Amino acid sequence: MRKASIVVGLGFGDEGKGLATDFLVRQARKPLVVRYNGGQQAGHTVSDGQGKRHVFSNFGAGSLAGAPTYWSQFCTFAPANLLKEFAALEQLGVRPRLLVDALCPVTTHYDVLYNQLLEQGRGAQRHGSCGMGFGATVERHESSPARLYAQDLLFPEICALKLPAIRQYYRQKLENRPDLEFDAYDHDAADAHWLELVSQLLPLKNRGILEIVTEQAVFAQNSAWQHFIFEGAQGILLDMDFGFFPHVTRSNTSSKNAFDLLRRNHFFPETEVVYISRCYQTRHGAGPFAWETDQLHLQNNALETNVFNDYQGHFRYGFLSLDQLQYALQCDRNFSGNTPKKLLLTCADQMPEGRVTCYLGGEATTVNVDELPGLVGNFEGVWVSWGDWAGKVR
């Protein structure tokens with residue numbers, strides 16, 4: 001019997017979806033990791049317990065364990081970011097395999113530039129973007145014919161013919177914002193550099209690292225994979241439909257896209273949803289944050305990979321809001337229905353004496369880690385991570 005596990009974050013991202021994906025892959029038979037939302041802005045940290053550690057953005061978080069990745073058309077594809085990450089994985093001795101949907105929207109240097117200019121121009125009213133062009137790419141594909149797909153990357157001449165339309169698209173969008181100085185940049189040189197990067201994808205294709213595919217082939221009844229592990233990006237509280245506008249991502253971060261992929265391909269494996277939350281709440285970027293505090297004293301967090309950056313600022317910490325976790329679960333029931341549900345709590349080793357402070361209805365309570373799942377919801381299975389790799393999950 002084929003299986004599907006859908007990994008969903010219950011917060012603002014950074015819950016531990018990379019660890020969860022790696023954990024599930026290591027238990028699976030013939031696994032395939034499916035990225036079903038987001039894109040190059042994800043940052044999923046995986047350690048193998050033997051010295052290898054990597055933050056996955058453009059490959060699935062099951063890659064250290066040898067699982068291939070399917071990059072669905074719900075995700076953006078960024079050639080420049082992919083090449084940089086592939087080089088880092090090669091340094092670790094990891095040979096990933098990436099199947100990219102032919103219809104993935106491609107992020108160009110213009111999408112990144114527009115994203116960064118716009119976020120900088122908001123000043124104190126920033127939305128919390130990470131400045132990597134994800135939302136800009138999605139908006140361009142949804143609102144204009146200036147589209148570039150993953151399949152086009154196999155034809156550099158086609159890419160060169162399409163870039164001028166993308167440049168003009170952004171020039172027009174910024175024509176009333178002379179303060180952002182779109183044309184202060186050497187666009188011709190940037191085009192040439194980006195096309196050179198695109199040409200470097202072809203050797204990866206020839207080596208079997210990169211393959212352009214269709215989703216029908218991935219979910220065919222005769223495909224080789226037995227356990228489809230859907231790796232979500234970001235969390236439900238950033239969802240474009242359920243988050244707190246304007247501090248949201250341009251993506252469905254619930255299980256919606258994963259179920260859409262299964263249903264529209266008439267593929268019905270034995271399915272479970274695995275929700276992820278840290279034992280405390282985090283947010284990286286602007287936006288409301290109910291119980292943010294400097295009174296949260298963590299231990300064993302020296303390997304935290306979320307650091308200050310120019311677009312999101314400092315990584316923010318707070319006590320758990322049970323109201324927001326329960327809200328996120330309610331949002332996801334619209335898509336998951338009666339599908340069996342499990343919970344993985346991460347970062348338990350960071351809580352002094354294994355105690356968690358959380359808020360429900362404005363009232364604070366402090367409980368042992370093992371008591372927390374019962375306050376969040378009803379689950380058919382619960383795991384707790386007491387370290388930064390799959391071997392510490394129990």
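Q: Is Arg207 buried, exposed or partly exposed, and what is its relative accessible area?
A: The classes follow from relative accessible area: buried means under 20%, exposed over 50%, and partly exposed in between (1.4 Å probe, protein chains only). Arg207 has a relative accessible area of 40% and is partly exposed. The model is predicted, so local features need pLDDT of at least 70 and side-chain atom pairs pLDDT 80 or more, while totals for chains, interfaces and linings use all residues. Residues are numbered from 1 along each chain as its sequence is written, and side-chain values use heavy atoms, with hydrogens and water left out.

Q: With which residue does the side chain of Arg207 meet in a salt bridge?
A: Side chains of opposite charge can pair when their charged atoms come close. A salt bridge is a side-chain nitrogen of Lys or Arg within 4 Å of a carboxyl oxygen of Asp or Glu. Here the partner of Arg207 is Glu90, at 3.0 Å from N to O. The pair links distant parts of the chain, 117 residues apart: Glu90 belongs to helix α2 (residues 79-91), and Arg207 to the loop between α7 (201-206) and β7 (210-213). Helices (H or I, at least four residues) and strands (E, at least two) are DSSP runs, numbered from the N terminus. Glu90 is partly exposed, at 40% relative accessibility.

Q: How many salt bridges does the structure hold?
A: The structure holds 17. One of them joins Asp111 and Arg140, with the closest N and O atoms 2.9 Å apart. This pair also links distant parts of the chain, Asp111 lying in helix α3 (residues 109-121) and Arg140 in helix α4 (residues 134-143), 29 residues apart. Both Asp111 and Arg140 are buried.

Q: What separates Arg26 and Asp22 in helix α1?
A: Because the two residues are four apart in helix α1, about one helical turn separates them. Arg26 and Asp22 form a salt bridge whose closest N and O atoms are 2.9 Å apart. Asp22 is buried, with a relative accessible area of 1%, whereas Arg26 is partly exposed at 41%.

Q: In which sense do β14 and β15 pair, parallel or antiparallel?
A: Two strands pair if DSSP finds at least two bridges between them. Strand β14 and strand β15 (residues 363-368) are antiparallel, with six bridges. Leu360 stands opposite Glu363 in β15. The two strands form a hairpin with two residues between them, and Gly361 in the turn has a positive phi of about 60 degrees. Strand β14 (residues 355-360) also runs parallel to strand β12 (residues 320-321), joined by two bridges; Ser321 has Tyr359 of β14 as its bridge partner.

Q: Which residues line the second largest pocket nearest its centre?
A: On a 1 Å grid over the protein atoms alone, a pocket is an open set of points where a 1.4 Å probe fits, with protein on both sides within 12 Å along at least five of seven lines; lining residues have an atom within 4 Å of a point. Of the 26 lining residues, Thr45, Arg278, Cys347, Gln350 and Asp388 lie nearest the centre. α1 (17-27) and β3 (44-47) each supply at least two residues of this lining.
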